[in-house]
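Have a look at the model, try each task, then follow the worked steps.

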Amino acid sequence: MLLIPAIDLKDGHCVRLKQGDMELATVFSEDPAEMARHWLMQGARRLHLVDLNGAFAGKPKNEGAVKSILKVVQEFALENDIDEIPVQLGGGIRDLDTIERYLDDGISYIIIGTAAVKSPGFLHDACGAFPGHIIVGLDAKDGKVATDGWSKMSGHEVIDLAQKFEAYGVESIIYTDIGRDGMMGGVNIEATVRLAQAVRIPIIASGGLHNISDVEKLCEVQDEGIEGVICGRSIYEGTLDLNSAQLRADELTEGSLEAE
């Protein structure tokens with residue numbers, strides 16, 4: 001079970017939003033690259049970046065900050081003799097040229113959210129052009145998918161779309177329960193497991209992570225196909241210690257592997 005710190009970028013700063021509302025942004029760092037280094041030193045094995053301005057504008061808006069983070073990640077990997085620390089990025093990615101540019105810069109996975117729902121043809125093309133590098137972000141409330149930075153509800157069922165996108169060849173799905181995101185009310189385990197059981201590709205849980213007990217609950221169901229969880233407000237506000245939580249997850253995971 002990978003604990004994946006989120007670095008949400010707004011106007012070049014690292015922020016957290018409550019329920020996707022740009023007006024409810026808390027700035028946690030003026031220097032996102034230093035924030036990235038901090039999480040790597042705390043034991044992060046993967047990072048999750050979101051260009052929030054880009055998500056709302058429909059085109060990249062924080063490329064400078066993204067590049068500075070990638071530089072830090074590459075330096076950290078070299079210093080510590082680590083082959084690769086994957087970095088996944090979403091927010092405002094609506095065309096193949098942007099995907100290619102980000103992958104060339106060193107991003108490992110591109111997250112397509114709204115565009116996947118509104119322009120499935122684009123997602124299909126992206127999976128064909130960049131196999132193994134495309135993740136879909138599905139944001140949902142009560143089983144229905146939301147788009148446009150969560151401002152619009154679509155009529156689509158999460159599971160139906162997930163199965164369709166799996167057939168396109170997406171690498172994995174990040175599933176966010178938007179009723180819980182930024183509220184630290186606990187991950188919606190039941191809905192996440194239901195989705196994981198409906199597809200064969202891995203699911204990354206997101207939204208609501210609060211403390212170590214949430215991590216333990218996710219570890220219990222990881223065999224259903226849940227490979228990681230995005231950590232946001234919990235690690236920034238200190239209700240979850242990333243380092244000890246990742247060690248605990250490793251311990252539980254090894255335990256379940258030995259039991260098999």
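**Exercise 1.** Decide whether arginine 101 is buried, partly exposed or exposed.

*Solution.* Start with the cut-offs: buried means under 20% relative accessible area, exposed over 50%, and partly exposed in between (1.4 Å probe, protein chains only). Arginine 101 has 35% relative accessibility, so this residue counts as partly exposed.

A word on the source: this is a predicted model, where local features need pLDDT of at least 70, side-chain atom pairs count only at pLDDT 80 or more, and totals for chains, interfaces and linings use all residues. Residues are numbered from 1 along each chain as its sequence is written, and side-chain values use heavy atoms, leaving out hydrogens and water.

**Exercise 2.** Find which residue forms a salt bridge with arginine 101, and where the two lie.

*Solution.* A salt bridge needs a side-chain nitrogen of Lys or Arg within 4 Å of a carboxyl oxygen of Asp or Glu. The partner is glutamate 63, with the closest N and O atoms 3.0 Å apart. Finally, glutamate 63 is partly exposed because its relative accessibility is 23%.

**Exercise 3.** Work out why glutamate 251 and arginine 248 are separated by about one helical turn.

*Solution.* Both belong to helix 11 (residues 242-259), and they are three residues apart, which means about one turn.

Definitions and conventions: Helix = DSSP H or I, 4+ residues; strand = E, 2+ residues; numbered from the N terminus.
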